[in-house]
Amino acid sequence: RIVGDRLDAVMTGYDEVADDATGWTIGLTRNGTQLFFSCRTSPIPYGRGLEGRIVVLTDVTELKERENELELLKQVLFRVFRHNIRNDLNVIAGYAKFIQDKSADEELSSWADQIGETAEEVVAHAEKVRQIERVIASGKTVKRSLAAEVQSVRRRLQIEPTTSLTIDVADVGVTVHPEFQLAIRELIDNAINHHTGPEDPEVSLITECTETDVTLIVEDNGPGLPEEEIDVLEAGEETDLEHSSGIGLWLVRWIVSRSGGELLVEQAEQGTRIGIRLAKADRTA
């Protein structure tokens, strides 16, 4: 009975179902249950200038429900880390500092100092969770100068006089995630803050270019990245037996992935060498 009717007349209430649409998702209620379908159309020529369309509806209800559940989980976790846990840890750190200042017991003061330092470390993790939220929220990319991105990060860094930071980065156009500077800063901070040994920290940023891509390399003279960190990053997942020590490198990995790039990690003779390989972009665009 519907043969020959217009599509928007058959699917009443869905004005966005247009003749020239190529794909969309619609929700329909059947027997009180909300169902979701992906909808695609393609033309069918009949000859003599006549043309019809075939409409294919694919049930994606389970996928849509799973998507909604993950979105809710993401919002809850980010909200908890942003507010509840972060605020509680600031209170813990504050009381630990109070105990440390007021206590005459050297051992008790040392314990309070460890409590305060641990609380501050978790607060820093909560800040990275907030940064991850910003990264995930944006799916777009922008065209930037790689050298300008690095120099912008350098201007905001506060580096101890004993730390050596050298930069020799080619002025190459790249297409990156808007938060790409976070990845650069995280790699530099990681190299400096995790440095151990008798020598002063030395960090260098260089580039290796080919005709089609450029690799930004961050090199240091530190103790080297633990093998379990490299294994987790290469596997692309956390497992019960292998856990990375923090979420900083995950933040870098997600930003690089959303920039269409590749993260390269290798141990040098002394220290760590981490590269971000990106496709070159048209500088005039």
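The protein has 7 helices and 10 strands, and buried residues make up 34% of its 285 residues.

**Confidence and overall makeup**

- Over residues 14–22 the pLDDT stays under 50, and for this stretch the model has 16 contacts beyond four places in sequence.
- The pLDDT is also below 50 over residues 238–244, a stretch that has 11 contacts in the model beyond near neighbours in sequence.
- Where pLDDT is low, the predicted coordinates should not be read in detail.
- When contacts in the protein between residues at least 6 apart in sequence are considered, 58% of them join residues at least 24 apart.

- Helix H5 covers residues 180–193, which is 14 residues, and from its first C-alpha to its last it reaches 20 Å, close to the 20 Å expected at 1.5 Å a residue.
- Because 10 of the 14 residues of H5 are buried, this helix is largely enclosed by the rest of the structure.
- The buried residues of H5 are Phe180, Gln181, Leu182, Ala183, Ile184, Glu186, Leu187, Ile188, Asn190 and Ala191.
- Arg185 is also found in helix H5, but with a relative accessible area of 30% Arg185 is partly exposed.
- Once neighbours within four places in sequence are left aside, Arg185 is in contact with Val153, Arg156 and Leu157.

**Helix H4 and its surroundings**

- In helix H4, which runs over residues 146–156, the buried residues are Leu146, Ala147, Glu149, Val150, Ser152 and Val153.
- These buried residues of H4 pack against helix H5 and against several strands, namely E4 (142–145), E5 (164–168), E6 (173–176), E7 (202–209) and E8 (213–220).

**Helices H3 and H7**

- Two packed helices are described by the angle between their axes and the distance between the axes.
- For helix H3 (residues 106–137) and helix H7 (residues 248–258), the axes come within 10 Å and cross at roughly 10 degrees.
- That angle makes H3 roughly parallel to H7.
- On the H3 side of the contact are Lys128, Gln131, Ile132, Val135 and Ile136, which meet Gly248, Leu251, Trp254, Ile255 and Arg258 in H7.
- The buried residues of H7 are Gly248, Leu249, Trp250, Leu251, Val252, Ile255 and Val256.
- Just after H7, Gly260 takes a positive phi of about 70 degrees.

**Ala112 in helix H3**

- Ala112 has its place in helix H3, and at 4% relative accessibility Ala112 counts as buried.
- Leaving aside neighbours within four places in sequence, the residues in contact with Ala112 are Ala96, Ile99 and Gln100.
- Between Ala112 and Ile99 there are 6.3 Å in space from C-alpha to C-alpha, although the two are 13 residues apart in sequence.

- Val10 lies in helix H1, made up of residues 7–10, and at 37% relative accessibility Val10 counts as partly exposed.
- Not counting residues up to four places away in sequence, Val10 touches Ile2 and Asp5.
- Leu225 is found in the loop between strand E8 and helix H6 (227–235), where a relative accessibility of 9% means that Leu225 counts as buried.
- The C-alpha atoms of Leu225 and Ala268 are separated by 9.8 Å, and these residues are 43 residues apart along the chain.

Methods:
Residues numbered from 1 in each chain as written. Predicted model: local features only at pLDDT ≥ 70, side-chain atom pairs only at ≥ 80, totals over all residues. Heavy atoms only, no water. pLDDT = per-residue confidence, 0-100. Contact = heavy atoms within 4.5 Å. Helix = DSSP H or I, 4+ residues; strand = E, 2+ residues; numbered from the N terminus. Expected span 1.5 Å × (residues − 1). Buried < 20%, exposed > 50% of the residue type's maximum accessible area, 1.4 Å probe, protein only. Axes fitted to C-alpha atoms, helices over the stretch in contact; angles between N-to-C directions. Parallel < 35°, antiparallel > 145°, perpendicular 65-115°, else oblique.
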